[in-house]
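Below is a short note on charged pairs and nonpolar packing. Please read the points against the displayed coordinates.

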Amino acid sequence: MNATVLSPDPTRCPDCRAALTRPGACGACGLTLAGPPAVRLWEVDTELLRLDATRSTLQAERRGLLAALHGSHVPVPTTADPEWQLAASPPAPRREWTPKRVQNVLLGLGGLLLAVAAVVFTAVTYDRLGAGGRAAVLVALTLAAGAAAPAARRRGLSATAETLGALTLVLAALDAYGLRTLGLASDADPLSFAAGSAAVLAVAAGAYAWFVPLRIMHTAAVVLTQLPVLLLLVRHDASAATTGLVLAALAAADLAVLAGIRGHVTSDARTTLVACGSTVSIVGLLLSLGAAGEPDPRRAAAALLAHATVLGVAALLVRDNTLRALLAGAPVPLLAVAAFALVRTGLPDDQHPLVPAAIALLAALLAAQLPRAWRPGPLAGSLLVSAVAVLAVGEQIATGLLLPLTWLAAPWSLADGAGARAAVGPDSTWQGTVDTMVVLTATALTVGAAALALDRVRTAVAGAAALAAAAVVLLPLGLDLPYPAGLAVLLTLAALLGAAAAALLPRHPDAGLAVAGVATVVALLAAVWSTADREASLVVLPLTALLMAALSVSPRLPARAGGAAVAVAGGLGTAALAATGAASGLAADQIGGLLLLAVATLLGLAAVPALEPTRRLGAEIAASAAALIAAMLAIDDAGWLSWVLAGAGLLALATALRPDRRRIAGGGALLLAASSWVRLADAEVTAPEPYVVPLAIVGLALGHLRLRAVPSTRSWQAYGAGLSLLLLPSLLASFDDESLTRPLLLGLAALAVLLLGARFGLQAPLALGGAVLALDALQLLAPYATALPRWMSLGAAGVLLVAIGATYEQRRRDVSRLRAGYDALV
């Protein structure tokens, strides 16, 4: 590449210098200009250009130096030349502080020192000059500082003027102290005199700021205006409620002043007004909340109402949307607390949550009528109050929803003629359940109104449906309806929610899905309730299964939700079948055998080609759960357990005939093997080979045929079940066999399997043959281990550790290669 044409120009080709007409390549020479090599080429060209420029500069300097040495008149660059200084001098250090900041710090320190000097002067010269002399000196200094501030401002020394203004304020405060020592208002107590002095200073600072617009004077005037009220409250030892009410009035006055002088004062004064008003309001609000629990809470309620009004007005004055939302949402909780403070003494304890729930609903309905930009704050406040109301009745809700689960430990033990309360929790106190229902209903309406006002249809429907369903679930408990009537209420609610979900799914899928979830929970709750009585279980369990099945076939239900509905329906159907068997007098192990019908039905449903994959999976999950429950029920009877395992294994093998479920064939084979093992163990058979070896040979033959038909089949799928039947039962039997015949024959068989796996590169024979051979060898060596001296085991362990440590890196590489080779096997 020619160095003379180098140029870091991204619009031209770095090779032929032609203009680039398309990105990624040169249209003239075809040079590719994409990827890391192109980036590196650009960096190299840029560095070469920099080196060329440096070379040119050094060549010029060299020629000048040679000319000077030969006596020529060519000028030689010296250290005084600007270009030489620019090239040779290091960059100037960056200033850490700006001159303005340095000036402000110096002036601030100077003003602070002058203020300290004035205070020291007042204290030290107390006995020398007398009160009159001190006052005269301080007044003179105050007037001098006050007169110097505008003079400094006229000369453009604004920071100096601010410092002199601050000094004037400090001297004016000392003047007030001096007047007090002269006997002015000697009858007034110190707090009253301080309040009056603060008021005078506030007026003086405001007047001074009117003529000399200093920021310090505006700020001081606003702050000093708040002090008289605070000092007088301390002076009269006002109660928390009174203090809160007065501070609310003070905050309101600040807001009124802010609204009236918005365009006539500096931004510093407005900021100080906002800060003072906010601080006063927060302090008063905290005091008012603390006073809400007093025996006579009317003042506290009035203070809370006043603060709510102040915050509402403040929301109208701010422009930031986030701050506006916070201020607009604060009045709702305050109104709730105020109302609760007023009515709590006249209401029973269980009715207290009704107050915030009602206020939250009213606030949500009113906020929904506001302009959209103003809705978030009040709606958030109403939801917060609703949450507090629901938490207040949380114990009743948890009792009504969770106590029915206790019947699972003692089913069908409900006394005849018992009511809904006895069916759920006979030892619980149900006082206030009706009030809980009212709170949940009001909260449901609040959530619905708030979400709809914010165009959150899914949230509105889901929240309202869940809360309303909880209220209806508690209806039988609140009214203590008969047990059948309570179940009828739950079934009707589940059916209505299911119908509503089906109607909502086409138009509002998210809302319909949420309602379907609530319907599922209510259906499961009805099923749990039914476990208290035999007849109720026989009726409710099939009905809930049919309800969930009908919900699962809804065409607009999402795939995953449909699969979950199928699984729930299958589980309820299995429970109904088990309840039918128990009602017929069947034993637990016989019920386990009966549940195989449910397993077969669910697996047959999963085999329907028209069914979606997720719904098939739901049916298979329900079938697996039913098979597990069946085995657990039959575990006390070896005969029934063997039949249940065999039936489950056959059903798994039948399912494995489907192309997409071939992988579970091994599981079916293991279930069949487990069935035979259970039967052999029950018959006290100590020689399992005559029973398992024929099955193993059949399994290996079928696996070999499958491997020939489908060469991509893994060896675990083809030979895993057969090899397990061939080796594992004999290995377990060899542990209790005192003779050497079985262990030796097993070792030979495992060695043959291992060698065949190595010969054909199959993973399953290698893994199973090697594991069985190693365990069999250890089992053979175990009797001789006790005869060896103890030092031999310690020495062998030491030699092994030394060998491993000395060749650790090599052994680690060997293990990595072995693992890689094993993973590469079929």
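1. Glu43 and Arg40 form a salt bridge, with 3.0 Å between the closest N and O atoms. The term here requires a side-chain nitrogen of Lys or Arg within 4 Å of a carboxyl oxygen of Asp or Glu. About one helical turn separates Glu43 and Arg40, because they are 3 residues apart in helix α1 (residues 36-69). Helices (H or I, at least four residues) are DSSP runs, numbered from the N terminus. Glu43 counts as partly exposed, since its relative accessibility is 40%. The scale used is relative accessible area with a 1.4 Å probe and protein chains only: buried is under 20%, exposed is over 50%, and partly exposed lies in between.

2. On provenance: this is a predicted model, in which local features need pLDDT of at least 70 and side-chain atom pairs count only at pLDDT 80 or more, while totals for chains, interfaces and linings use all residues. Residues are numbered from 1 along each chain as its sequence is written, and side-chain values use heavy atoms, with hydrogens and water left out.

3. How many salt bridges does the structure hold? The count is 3. Helix α1 also contains the pair Arg50 and Glu47, again 3 residues apart, or about one turn of the helix. Their closest N and O atoms are 2.6 Å apart. Arg50 is partly exposed at 46% relative accessibility, and Glu47 is partly exposed at 36%.

4. Is Arg615, which pairs with Glu612, buried or exposed? Arg615 is buried, with a relative accessible area of 7%, whereas Glu612 is partly exposed at 38%. The closest N and O atoms in this salt bridge are 2.6 Å apart.

5. The largest nonpolar core has 56 residues. Such a core is a set of buried Ala, Val, Leu, Ile, Met, Phe, Trp, Tyr and Cys residues joined through side-chain atoms within 4.5 Å. Leu440, Leu497, Val522, Trp529 and Met548 have the most contacts inside this core. Helices that each supply at least two of its residues include α17 (433-453), α20 (483-504), α21 (509-530) and α22 (534-552). The most comes from α21, with 10 residues.

6. Leaving aside neighbours within four places in sequence, Val522 is in contact (heavy atoms within 4.5 Å) with Ala469, Leu490, Leu493, Ala494 and Leu497. A second, separate core has 17 residues, among them Ala152, Ala172, Ala209 and Leu214. As background, nonpolar side chains tend to be buried together in soluble globular proteins.
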